[in-house]
Amino acid sequence: MSDATALPDAEATLVALAERMRGAVAYDAAFVGIYSGGAWLAERLPALVPGNHPVGYIDVSYYRDDYSRTGLKSGAKRTDLPFDVDGATIVLVDDVLFTGRSVRAAINELFDFGRPACIELAVLIDRGGRELPVEPTYCGARLTVARDLSVVLSRDADRLRLAVEKQER
Amino acid sequence: MRNPQLNANGELTHLLTLEGLPPDVIRGILDAATPFVSIAEREVKKVPLLRGKAVFNLFFENSTRTRTTFEIAAKRLSADVINLNIGASSTSKGETLLDTVDNLVAMDADIFVVRHSQSGAPHLIAAHLNAHGRTHVHVVNAGDGRHAHPTQGLLDLYTIRHYKREFHHLTVAIVGDVLHSRVARSLIHGLTTLGTPEVRVIGPKTLLPTAVQAMGVRVFHDMREGLRGCDVVVMLRLQNERMKGALLPSAGEFFKHYGLTQDKLSLAKPDVIVMHPGPMNRGVEIDSAVADGDRSVILPQVTFGIAVRMAVMSMIAGN
């Protein structure tokens, strides 16, 4: 069912994303990865984008809009933002941008920690299908994928890989 | 018959007792509690999970501590909290428990947190809601008679796991008034379910339930003997208000034999942790030097208790 030939290489796409951020992103911008795929990317980006970039992690489980339908997700992680959010320039980092709902949840959560000066969005893959007015500031690659398929980022021995899976509804 | 605490998918929908809960459900609650601990460190100590939900604290028996921790937990989840002092209202006018519940359901209650002096009251409410198809309304037992106090049991388990990581190598002693203690019953069920190899109860014959061994514990009447080699010591409050008849000569006599002092504690392992569900009677079941000492984790228990109650409420309300 997966069409592997149409998928870009994750490692090469990460380099392309970093290329777009280089020079455009603030020198002291914090990179905040959305668990779990975004966290892996946020970890890698400071080595690829010059500057002094603190790295944080955000778990949006408590801010999702589908709690009343799906209940509490297991395996929630601790949100960890080791810098002062007040006045910070923050780049939210996510693996795949689809409906925009996770980004909405992440922005809401960030504001419970303080008032950032500016929030930008960096995504590895923009697959379209937005349900909210959310657009990436930096994007590694754009893809067109049927709505019932998920684009999934996985990590194996530090190497990132993209795959397409049938979505569980 | 299905466990009344679980829905058709085996997910937790009420929390009534730890007895009979599958180990993976208990572990699931403990796992879910961990990220809630850090919410207290935020500038805004709230997450929006239960926004728009109404939590009714139904306390038929007085308790300031437990009611407050449930209230804080619900408020940190952004729920609306309504505290009902039942003793002073409807019940004294003759309304039955289930009529009270039906009226509050008509006011769109989502979660009932119930404390009652009668064992089984929260179970009765949950069974009533289930029987009438009100599966969107959930019950948490905040202590019923001598039966169970599952959120206290869970926060005790959470605390033990926080300091000791695993249960499968531990020796845990529960000391004092086990007879009147729903805290002890819930903790014993939780510990045995999670595979704790040795759970001991220590106390005078008059304060241990008959046939307590049937719960899978070792009984000691000599505290020094019972504390030897323990990883965890849980002290229970001497429940004077529940005692009828001559179970004890005096509080002073009790302290002499079953009060925890540094001297007795030195028989346990050097890295032992000391727990107490509160409120403490200093000089009755525990010496101040131990309660305030470096082995005591009594105050972390309180902090973890809020996270555990947040986990329980957000799990059941979503199932």
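View 1. Helix H6 (residues 182-193) of chain B lies across E5, E6 and E8 of chain B and runs at about 170 degrees to E5(B). Helices (H or I, at least four residues) and strands (E, at least two) are DSSP runs, numbered from the N terminus. Axes are lines fitted to C-alpha atoms, for helices over the stretch in contact, and angles run from 0 to 180 degrees between N-to-C directions. Two residues are in contact if their C-beta atoms, placed from the backbone, lie within 7 Å.

The model is predicted: local features need pLDDT of at least 70 and side-chain atom pairs count only at pLDDT 80 or more, while totals for chains, interfaces and linings use all residues. Residues are numbered from 1 along each chain as its sequence is written, and chains are lettered from A and ligands numbered from 1 in the order in which they are written.

The open sheet has five strands in the order E7-E6-E5-E8-E9 (chain B), with parallel pairing. E7 and E9 of chain B are at the edges with a single partner strand each, so one side of each has no neighbour in the sheet. From one strand to the next, the twist averages 20 degrees. Two strands pair if DSSP finds at least two bridges between them. Strand E5 (residues 171-175) and strand E8 (residues 232-235) of chain B are joined in the parallel sense over four bridges, and Val175(B) stands opposite Met235(B) in E8(B).

**View 2. The four-stranded sheet of chain B.** This open sheet has the order E2-E1-E3-E4 (chain B), and its pairing is parallel. Strand E2 (80-84) and E4 of chain B are the edge strands, each pairing on one side only. The twist averages 15 degrees from one strand to the next. Strand E1 (residues 54-59) of chain B pairs with E3(B) in the parallel sense over five bridges; Ile111(B) in E3(B) is the bridge partner of Val55(B).

**View 3. The two domains of chain B.** Domain 1 (23-148 + 303-317) and domain 2 (150-297) make up the division of chain B, with bounds from an automatic or database domain assignment. Their C-alpha centres lie 26 Å apart. The contact takes 20 residues from domain 1 of chain B and 18 residues from domain 2 of chain B. On the side of domain 1, helix H1 (23-37), strand E4 (138-144) and helix H11 (298-317) of chain B each supply at least two residues. That side has 11 nonpolar, five polar and four charged residues. Ala, Val, Leu, Ile, Met, Phe, Trp, Tyr, Cys and Pro count as nonpolar, Asp, Glu, Lys and Arg as charged, and the others, Gly among them, as polar.

**View 4. Backbone details in loops.** The peptide bond from Gly278(B) to Pro279(B) is cis, with omega near -10 degrees. Pro279(B) lies in the loop between strand E9 (273-275) and helix H10 (288-291) of chain B. In chain A, the bond from Tyr35(A) to Ser36(A) is also cis, with omega near -5 degrees.

Asp108(B), a residue other than glycine, has a positive phi near 70 degrees. Asp108(B) has 11 C-beta neighbours inside 10 Å and therefore counts as exposed (buried: 20 or more other C-beta atoms within 10 Å of its own; exposed: 12 or fewer; partly exposed: in between; C-beta atoms are placed from the backbone).
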